[in-house]
Amino acid sequence: MDLKSLFVVAQFIKTRCAHGMTAGKAKKDKNYIFYEVEIQDSKKLKLCYLDKVEPNATIGEIKCLLYKIYPKWYPARQALSLHPDGESLKDDEVLENLPVGTTVTMFFHDLGPQLGWTMVFLAECIGPLFIYLFFFLHLLNIYEQKDDYTSNPCSVVTLACVCHCFHYFRRLLETVFIHRFSDGTLPLQTIMRNCLYYWGFSAWLAYYINHPLYTPPLYGNLQVYSAVVVFMLCEAGNFSIHLALNNLGCNGLRPKRIPYPTRNPFTWLFFFVSCPNYTYEVGTWLSFSIMTQCVPVALFTLLGFIQMTIWARGKHKMYTREFTDYPELRSAIIPLFL
């Protein structure tokens with residue numbers, strides 16, 4: 001068989017294969033089932049009707065289709081459920097996997113204005129940084145006039161300002177350069193509540209620590225400088241943990257692997273707890289409380305410890321659920337205890 005004959009045979013085979021593929025595709029298209037999605041509001045009033053929705057379409061894609069019809073409701077602001085009072089569907093859920101037929105009715109809920117996690121962390125950290133400086137530099141005329149422009153001679157006041165600003169400046173840098181956040185958002189109302197908490201406590205503790213009549217800690221420089229050392233160690237440990245989580249790819253995302261200690265000694269706390277960053281954070285504020293011997297700081301530390309314990313226990317349960325070989329020695333936040 002010459003080359004010309006081979007070329008003709010090859011073309012024939014190619015044509016037949018293409019015809020077979022086209023016929024199969026046409027047959028598939030003929031039996032292809034599309035979904036019909038009607039979206040209603042909480043009062044069961046029709047918002048839109050989506051025809052010929054792909055079976056493998058996700059809830060996130062349906063939100064994007066709704067956003068094209070109603071531009072004021074961007075996807076992060078939407079919540080879709082199968083019942084007016086039901087649980088919101090996740091963005092990665094697939095339409096054909098839901099317990100529904102080919103005609104689906106979904107209910108829309110407006111979550112209100114949303115902000116991404118990066119903006120949330122920036123807002124929470126920038127406020128305390130500048131509020132404390134306002135009190136330290138006496139830029140706010142809130143003390144009695146005779147004491148308003150009097151600087152406190154105690155060295156702990158300056159050290160407390162340096163430590164406080166260093167803590168929030170580190171958090172700002174980590175937010176911008178280290179943390180990996182998911183695509184999730186937080187309602188503006190919740191962000192305002194969080195900011196009120198952080199900003200309010202910063203103003204409260206700054207008022208007392210920078211007061212011209214503030215008295216130094218009971219045990220003097222020994223108490224102050226010992227607490228400063230512990231404070232800086234906890235800050236270094238917190239940074240090291242966040243860096244390790246960033247390299248692992250589970251900071252703000254679902255964990256891909258079990259976090260283990262590295263060569264960095266500050267990460268060795270992973271041997272004993274699931275969330276050493278929270279352990280270091282508690283240590284930071286506990287040492288700051290001892291350094292300043294201030295009641296508002298101690299109260300802020302206590303409330304922070306309670307909240308971080310709740311977060312740590314939740315993450316610990318997630319780790320044990322995701323990984324069957326998760327180390328049994330680890331606790332949530334306090335080694336061998338909690």
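**Cores and aromatic pairs in a predicted model**

R171 lies over the face of Y198, 5.7 Å from the ring centre. The model is predicted. The ring of Y198 also pairs with that of F300. Y198 belongs to helix α5 and F300 to helix α8. The pair thus links distant parts of the chain, 102 residues apart. Both residues are buried. Ring pairs also join Y198 and F300 into a cluster, with Y168, Y197, F201, W204, F231, W285 and F288 as the other members.

In total, 17 aromatic pairs were counted. A pair of aromatic rings is described by the distance of the centres and the angle of the planes. For W73 and F108, the centres are 4.4 Å apart and the planes lie at 40°, so this pair is tilted. W73 sits in the loop between α2 (59–69) and β3 (78–81), while F108 is in strand β4 (residues 103–110). The pair therefore ties together parts that are 35 residues apart in sequence. Both W73 and F108 are buried.

Nonpolar side chains tend to be buried together in soluble globular proteins. Here, the largest nonpolar core has 32 residues. Among those with the most contacts inside this core are Y132, Y168, I209 and F288. Helices α3, α4, α5, α6, α7 and α8 each supply at least two of its residues. The largest share, eight residues, comes from α4. Beyond its close neighbours in sequence, F288 is in contact with Y132, A160, C163, H164, L205, I209, F231 and V297. A second, separate core has 19 residues, including L50, I62, L80 and L95.

T292 is located in helix α7. T292 counts as buried because its relative accessibility is 0%, and buried means under 20%. Apart from neighbours within four places in sequence, T292 is in contact with A160, I209, Y214, P217 and V297.

Helix α3 covers residues 117–136. At 1.5 Å a residue, its 20 residues should span 28 Å; the end C-alpha atoms are 29 Å apart, which agrees. Buried residues of α3 include V120, L122, E124, I131, Y132 and F135. The buried residues of this helix pack against β5 (114–116), α4, β6 (185–187), α5 and α7. After α3 comes H138, with a positive phi near 55°.

Conventions
Residues are numbered from 1 along each chain as its sequence is written. This is a predicted model: local features need pLDDT of at least 70, side-chain atom pairs count only at pLDDT 80 or more; totals for chains, interfaces and linings use all residues. Side-chain values use heavy atoms; hydrogens and water are left out. A nonpolar core is a set of buried Ala, Val, Leu, Ile, Met, Phe, Trp, Tyr and Cys residues joined through side-chain atoms within 4.5 Å. Buried means under 20% relative accessible area, exposed over 50%, partly exposed in between (1.4 Å probe, protein chains only). Helices (H or I, at least four residues) and strands (E, at least two) are DSSP runs, numbered from the N terminus. Contact means heavy atoms within 4.5 Å. The expected span of a helix is 1.5 Å times one less than its number of residues. Rings of Phe, Tyr and Trp (its six-membered ring) pair if their centres lie within 6.5 Å; planes under 30 degrees apart count as stacked, over 60 as edge-to-face and the rest as tilted. A charge sits over a ring if NZ of Lys or CZ of Arg is within 6 Å of the ring centre and within 35 degrees of the ring normal.
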